[in-house]
Amino acid sequence: MVSLLSDVAIIGVGWYGFSPVTLEASFREMAFEAAVSAYEDAGDLDPRKDIDAFVTCEEDYWAGISITDEFMPDQLGGVLKPVYTVAGDGLQGIASAYMKIKTGLFDTVVVEAHSKASDILTFHEIMNFGFDPLYTSHIDAHPYYLAGLEANYYMLTSGVGREHLAMIVEKNKRNAITNPLASYGSKLSVDEILEAKYVVYPLSVMDIAPLIDVAIVFVLATKDKAKKLSDNPIWIEGVGWATETNYIETRNFGEALYARIAADMAYRLAGIEDPKKQIDLAEIDDKFSYKELMHVEALKLSNRYSSHLDLERGEFNRNGPLPVNPGGGFIGIGHGLEAGGLIKLLEATLQLRGEAVGRQVKGVKRCVVQSWRDIPTATGAVVVLSNEEV
Amino acid sequence: MDEKVRLKGTPIKRFDETITVERSSTAKYAWTAGQAISRFLVELKKGKLIGRRCNKCRRILIPPRMYCESCFRATDEWIYVEPIGTVNTAVVSYITTTREKLEKPLIIAVIEIEGTGGSGLFHYLEGVNPEDVINRKVFGMRVKAVWKPEAEREGSINDIKYFVPITGGEEK
């Protein structure tokens with residue numbers, strides 16, 4: 001089918017933070033700094049004239065305010081313009097902006113997401129607030145137990161061992177050392193990682209991505225605008241997203257269905273039939289170490305139950321045939337709540353531009369980027385990017 | 001009430017027959033004030049009102065922002081202003097946040113601070129008869145801030161207790 005709708009490109013990126021704590025700036029000031037950088041990167045845009053609409057991605061309970069939408073326009077240059085908030089991950093916001101441009105009504109759309117995780121004093125209580133009040137929140141344990149339940153089931157069915165989880169941690173923390181945006185890089189052996197104390201078996205503090213503060217802004221545009229404004233547009237070839245049942249106890253714990261369905265949608269739009277061959281680099285959600293393995297399988301970058309074998313062979317290393325999280329992933333960079341997907345999208349965009357200082361992979365032409373909305377959700381989004389015009 | 005009218009819902013007399021499950025959660029944040037509001041609060045503690053000026057549109061933004069939302073550029077300068085303004089709009093509230101009746105109604109106003117070009121504060125108005133809000137006499141009235149005693153100030157918008165009318169001939 002020939003589409004008359006414009007292709008969609010990323011023409012600008014900007015960020016502020018990538019730090020465990022940002023005492024010096026409010027979330028609004030962080031977003032302003034990120035926006036100024038993104039508009040400059042997009043060819044010196046003036047958002048008051050040159051941007052048609054704005055999408056922000058935020059969950060009120062992480063923000064500590066209600067109706068976060070209303071707090072967002074000023075610092076992006078979006079006052080008196082179309083602005084809305086997606087209560088979801090940044091990649092869901094990218095999908096939303098992509099659709100806006102596809103309508104033909106908008107030429108340039110901005111997507112913003114941020115994390116001010118260091119402001120949250122009762123993280124586990126707030127996370128627990130996402131559980132059903134009548135039949136799941138009665139469990140009086142840190143909500144990370146849900147990750148433990150899933151990890152145990154997945155490991156039982158797949159043959160994955162704790163040493164494989166430690167290998168993910170080892171790879172991602174090592175990759176992060178040379179990434180100037182990463183906060184949690186370190187050189188640790190698999191044995192050292194295995195010695196860490198359990199939080200919920202089989203997960204230790206090493207298996208759980210630590211949090212960071214960050215604000216990220218992307219500028220998306222039609223093909224015409226991209227060609228006029230940008231020397232290095234990155235093309236969004238496909239987007240997808242999906243959510244599983246909210247009855248947690250009936251979910252399929254052995255497979256990340258939300259990620260598989262989202263990937264199938266994005267691959268279909270991108271015309272990808274053999275992801276293993278057609279994808280050069282993957283940015284995969286690793287909020288927990290085992291999730292990277294599950295997600296790699298959901299995205300068909302490994303066969304089911306064999307991602308740990310590919311990991312053993314070094315296939316996901318930065319210099320391997322299919323680098324996964326070569327900038328360190330969330331375990332090495334830190335995880336930024338609903339800005340998580342945009343952290344991954346930024347890593348992929350910089351790789352495709354050849355600007356991934358300290359972690360550049362050679363010859364990258366197409367990336368897949370995937371995010372998951374953290375406990376207790378089963379929502380995921382996938383974006384396929386390329387630096388080659390269709 | 002006409003006894004034939006049947007209202008929907010559970011009558012209060014049957015409320016103790018329903019099952020209720022109590023659940024609470026503690027949501028605590030250390031909300032970062034940022035560059036602009038941190039300075040604003042520190043100055044309030046000193047009994048001063050400060051804003052940020054945008055040298056493009058010439059407005060003084062109060063509460064201060066490090067960026068001008070209209071011009072989309074960083075603001076340029078810190079500017080002290082007198083805590084004097086004009087009542088832009090006002091309202092009389094007869095109920096609390098939880099809808100309990102107030103013995104003494106509250107008057108809430110938007111006060112446009114003089115010389116800022118439209119910036120203002122949200123605050124209480126005292127020394128005004130609720131009737132004068134209802135008959136709109138307070139609209140456009142010049143008012144000034146009444147501060148808490150210095151020892152009681154804590155770097156909060158409530159370091160200003162309220163605004164009161166400036167009576168004839170008085171400057172501050």
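Biologist: In which helix of chain A is the place of Lys171(A)?
Modeller: This is a predicted model, and the helix in question covers residues 162-177 of chain A. Lys171(A) therefore has its place, by the DSSP runs that set helices here, in helix H7.

Biologist: Is Lys171(A) buried or exposed?
Modeller: The relative accessibility of Lys171(A) is 2%, and the cut-off for this class is under 20% relative accessible area. Because 2% falls under that cut-off, Lys171(A) counts as buried.

Biologist: Which residues does Lys171(A) touch, not counting residues up to four places away in sequence?
Modeller: With those sequence neighbours left out, the contacts of Lys171(A) lie in chain A. They are Glu292(A), Leu311(A), Phe316(A), Asn317(A), Val324(A) and Asn325(A).

Biologist: How many residues does the contact take from chain B and from chain A?
Modeller: Chain B and chain A bury about 2300 Å² between them, with 60% of it on carbon and sulfur atoms. The contact takes 38 residues from chain A, and from chain B it takes 22 residues.

Biologist: Which element gives the most to the side of chain B that touches chain A?
Modeller: Two elements of chain B give two or more residues to that side, namely strand E4 (73-74) and helix H1 (34-45). By class, the side has 12 nonpolar, six polar and four charged residues. The element that gives the most, with three residues, is H1(B).

Key
Residues are numbered from 1 along each chain as its sequence is written. Chains are lettered from A and ligands numbered from 1 in the order in which they are written. This is a predicted model: local features need pLDDT of at least 70, side-chain atom pairs count only at pLDDT 80 or more; totals for chains, interfaces and linings use all residues. Side-chain values use heavy atoms; hydrogens and water are left out. Contact means heavy atoms within 4.5 Å. Buried area is the accessible area (1.4 Å probe) that two parts lose on being put together, summed over both. Helices (H or I, at least four residues) and strands (E, at least two) are DSSP runs, numbered from the N terminus. Ala, Val, Leu, Ile, Met, Phe, Trp, Tyr, Cys and Pro count as nonpolar, Asp, Glu, Lys and Arg as charged, and the others, Gly among them, as polar. Buried means under 20% relative accessible area, exposed over 50%, partly exposed in between (1.4 Å probe, protein chains only).
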